[in-house]
Amino acid sequence: MAAGFKTAEPLEYHRSFLKENCRPDGRELSEFRTTTLNIGSISTADGSALVKLGNTTVICGIKAELANPPVEGPGKGYIVPNVDLPPLCSSRFRPGPPGEQAQAASQFIADVIESSEVIQTEDLCIERGKLCWVLYCDLMCLDYDGNLLDACIVALLAALKNTQLPDVTISTETSAPEVNLEKRRGLHIHKHPVATSFCIFDDSVLIVDPTAEEESLATAQLAVVTDEEGRLCSLHKPGGTSLSGEKLQECISRATVRQREIQKLINKVLHSVKTDQ
Amino acid sequence: MPTDTKRVRGPEASQSPSLFVSKPAAAPPSLGTRADGRRWGQVDVRPLFVRCGLVSQAKGSAYLEAGSTKLLCGVYGPKETERKDETDMKCGRLTTDMRFAPFSCPERGSWIQGSQDKDLSQMLHESLQPAVCLQKYPRSQIEVNVMVLENSGSVLAHAITCASLALADAGIEMYDLVLGCSIRQDGDSYVVDPSYTEQNSCSSVDSDNQGNLTVAFLPSLNQISGLQSDGEMTEETLTAGVRTCIEGCYKLYPVIQQALAKAVRRAAPPPSES
Amino acid sequence: MKLCVPGDKLCNIEDCSPGTGVYQRHGYIYSSLAGYVLRKNEGGQLPVISVVRETEAQLLPDVGAIVTCKVTSINPRFAKVQILYVGSTPLKDRFRGTIRKEDVRATEKDKVETYKSFRPGDIVLAKVISLGDVQSNYLLTTAENELGVVVAHSEAGAQMVPISWCEMQCPRTHTKEFRKVARVQPEYLQA
């Protein structure tokens with residue numbers, strides 16, 4: 001009947017674990033699921049990374065294209081993130097245009113890119129007012145088991161670090177761009193933002209890295225983004241129950257620890273990819 | 001063009017850098033060996049890597065890698081049909097959705113599903129349906145979702161194999177597995193399991209026999225469930241091509257059987273004989 | 001133990017009789033599942049050959065099956081439920097069912113009031129009587145002593161205790177509420 005309890009009364013089932021300061025999958029309240037990273041596996045992309053956070057899997061592929069710089073910023077380029085939740089990743093998503101959750105996630109990623117200054121869009125300018133790079137960062141969820149945002153940010157950051165842009169010169173005679181695909185250079189990554197998501201259960205219990213089921217039962221959700229200097233880039237808490245200042249401080253300190261872990265992981269994987277080549 | 005309010009906005013137009021490459025690409029490979037070392041006119045399929053059960057949320061799933069072609073397939077259901085008017089009291093419905101990740105091809109793809117994706121979904125559906133025992137699932141639907149992560153040629157053929165593997169992993173009753181194989185006919189010779197460049201290359205030799213052929217094959221029942229060809233081929237060339245594809249399918253068969261056996265064993269130990 | 005994949009030829013039709021996970025074609029028995037091949041003597045002339053997987057393969061609610069469901073909504077004519085289990089096997093995808101007023105109990109059918117039988121959130125044991133037609137859901141019945149509400153919460157939120165076939169009591173407030181109660185079976189007392 002234990003399995004029956006789980007399906008019929010999922011909230012009671014989770015509460016019975018949280019009372020003992022643990023979770024149904026055996027984790028402690030502030031414990032992340034195992035995070036694994038694979039960088040550069042998609043050769044058709046200019047940069048790519050696959051992240052697994054427990055069962056949750058997100059792949060990020062970056063494609064660079066050439067465009068005219070924006071009118072409001074002639075010395076800038078574009079970064080266009082897009083989060084896709086295809087029906088493949090969970091039965092809760094339908095085919096068709098992006099749903100509410102995918103739209104919110106895309107906007108969150110765009111905000112983090114802007115506020116954290118992970119890349120300065122000035123770096124993407126090739127010739128002022130004439131030509132710039134557009135980085136299309138497509139984040140595709142392949143297996144949805146909660147905590148999409150954390151996985152997306154790690155995938156994005158790792159893929160950006162993996163991105164190699166071809167060399168472009170503007171011909172003086174024809175003033176047309178000339179691309180050399182053989183000669184490539186990496187992007188300059190200014191900051192390393194990492195997200196840490198929390199769920200609040202029954203208005204009081206705080207858990208980190210929620211699974212899909214925990215997310216659906218929680219009374220509020222919260223995402224904290226910090227960079228390597230411990231600066232707060234973004235704090236996202238869409239509605240739900242309130243949270244005390246102390247608890248929030250707790251979340252931020254947990255996030256800074258997580259940031260260091262993830263940055264170490266990315267550097268380790270990047271290093272192993274480089275030595276392989 | 002209407003603005004897309006559901007996505008982060010980028011520039012109105014952008015071009016792929018490959019359009020501005022100053023030097024033309026390296027000369028096409030000579031006849032005899034192919035760019036990846038395989039041979040022309042031989043049933044030389046790329047080595048296959050397959051694994052079941054990677055998508056935790058799906059009833060069944062399969063990941064397939066052939067050369068650089070990478071596909072992931074998830075199967076959901078049988079569940080209640082979404083639309084009441086499509087409910088069939090005697091027989092289940094099979095739905096297929098095949099999509100390309102925007103970064104999967106050398107040229108960036110659109111976010112919106114194009115007509116190519118829909119055609120491929122339809123062909124995938126036609127190839128799989130004869131193999132599934134749909135009468136066992138009255139008034140329900142079974143969903144097959146394929147995502148192409150990297151397109152390095154022969155995508156439809158591998159999608160068929162991958163989807164049938166995912167269906168078997170999901171425990172959906174089937175008459176047989178479905179395997180896919182494709183060839184590119186180029187004049188008198190052909191390449192099996194063509195790569196992206198081979199599939200789209202145009203031979204300089206002027207000849208009648210130019211085209212692509214994909215065959216979906218039920219290996220145990222020895223039946224063809226799907227056949228798609230484009231280009232122009234004579235009758236003899238086409239029949240010879242179909243035979244070559246079937247031969248290619250038989251080469252994949254043991255790999256698929258082993259992957260399934262591994263998945264079954266991992267899921268549970270053998271039941272007691274009692 | 002031998003493993004097979006869909007389409008594997010298992011044996012001649014004269015050697016075994018077909019069980020589950022297999023099909024017949026041209027005088028042979030083939031597998032329709034990826035799983036273990038199981039041969040069993042069940043008293044018949046021929047052993048029964050089946051293909052089995054870790055869980056019961058793809059169970060769908062069938063006529064006569066006992067299902068566990070959760071009440072989602074009620075109105076004067078029927079109660080709508082979500083089927084969670086078929087027998088003891090959980091369904092991964094949920095199916096909807098309907099318990100009509102006349103199928104709630106076996107006696108005094110015309111006096112049944114759905115509000116006094118079920119409430120949303122109740123866990124109910126029921127039996128499938130029909131797959132329904134194109135417009136309707138699965139039709140279920142609770143018109144047996146063993147069928148009906150097994151778990152219910154009172155208005156105060158506590159899990160209630162059955163006190164008769166038609167009443168349950170809240171342990172906190174001691175108020176009584178009407179339900180079509182299933183005869184208590186030992187395995188549900190543990191939960």
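This is a predicted model: local features need pLDDT of at least 70, side-chain atom pairs count only at pLDDT 80 or more; totals for chains, interfaces and linings use all residues.

1. The C-alpha trace of chain C spans about 65 × 35 × 30 Å along its principal axes.

2. The secondary structure of chain C consists of 1 helix and 16 strands. Of the 191 residues in chain C, 36% are buried, and of the contacts in this chain between residues at least 6 apart in sequence, 48% join residues that are at least 24 apart.

3. Chain B has 4 helices and 9 strands, which follow one another along the sequence in the pattern β-β-β-β-α-β-α-β-β-α-β-β-α. Of the 274 residues in chain B, 49% are buried. Where contacts in chain B have a separation of 6 or more, residues 24 or more positions apart account for 72% of them.

4. The contact between chain B and chain A draws 37 residues from chain B and 47 residues from chain A. On the side of chain B that touches chain A, the elements giving two or more residues are β3 (69-80), β4 (93-100) and β5 (140-150) of chain B, and the largest share, 5 residues, comes from β5(B). By class, that side of chain B has 17 nonpolar, 13 polar and 7 charged residues.

5. The contact between chain C and chain B takes 29 residues from chain C and 33 residues from chain B. Two elements of chain C, β6 (35-40) and β10 (89-100), are those that give two or more residues to the side of chain C that touches chain B, with β10(C) supplying the largest share, 4 residues. The residues on that side of chain C divide into 15 nonpolar, 6 polar and 8 charged.

6. How many residues does the largest nonpolar core have, and which have the most contacts inside it? This core has 157 residues, and those with the most contacts inside it are A:Val58, A:Leu135, A:Cys152, A:Ala155, A:Leu156, B:Val146 and B:Ala163. Helix α4 (residues 148-162) of chain A gives the most to this core, namely 12 residues. Apart from this core lies another, of 32 residues, which includes C:Val67, C:Tyr85, C:Ala152 and C:Met160. As general background, nonpolar side chains tend to be buried together in soluble globular proteins.

7. B:Ala163 can be followed in detail, as one of the residues with the most contacts inside the largest nonpolar core. Leaving aside residues up to four places away in sequence, B:Ala163 touches B:Cys73, B:Leu124, B:Leu128, B:Val144 and B:Val146. Of these partners, B:Val146 is also listed among the residues with the most contacts inside the core.

8. For chain A, an unreviewed UniProt entry carries the annotation "domain: Exoribonuclease phosphorolytic", which covers residues 31-166 and 193-255. Over residues 31-166 of chain A, the chain is 24% helix and 37% strand, with the end C-alpha atoms 41 Å apart. Residues 193-255 of chain A are 27% helix and 38% strand, and the end C-alpha atoms of this span lie 10 Å apart.

Note on methods
Residues are numbered from 1 along each chain as its sequence is written. Chains are lettered from A and ligands numbered from 1 in the order in which they are written. Two residues are in contact if their C-beta atoms, placed from the backbone, lie within 7 Å. Ala, Val, Leu, Ile, Met, Phe, Trp, Tyr, Cys and Pro count as nonpolar, Asp, Glu, Lys and Arg as charged, and the others, Gly among them, as polar. A nonpolar core is a set of buried Ala, Val, Leu, Ile, Met, Phe, Trp, Tyr and Cys residues joined through C-beta atoms within 7 Å. A residue is buried if 20 or more other C-beta atoms lie within 10 Å of its own, exposed if 12 or fewer, and partly exposed in between; C-beta atoms are placed from the backbone. UniProt positions are given in the numbering used here, feature names are shortened, and annotations may be inferred rather than shown by experiment.
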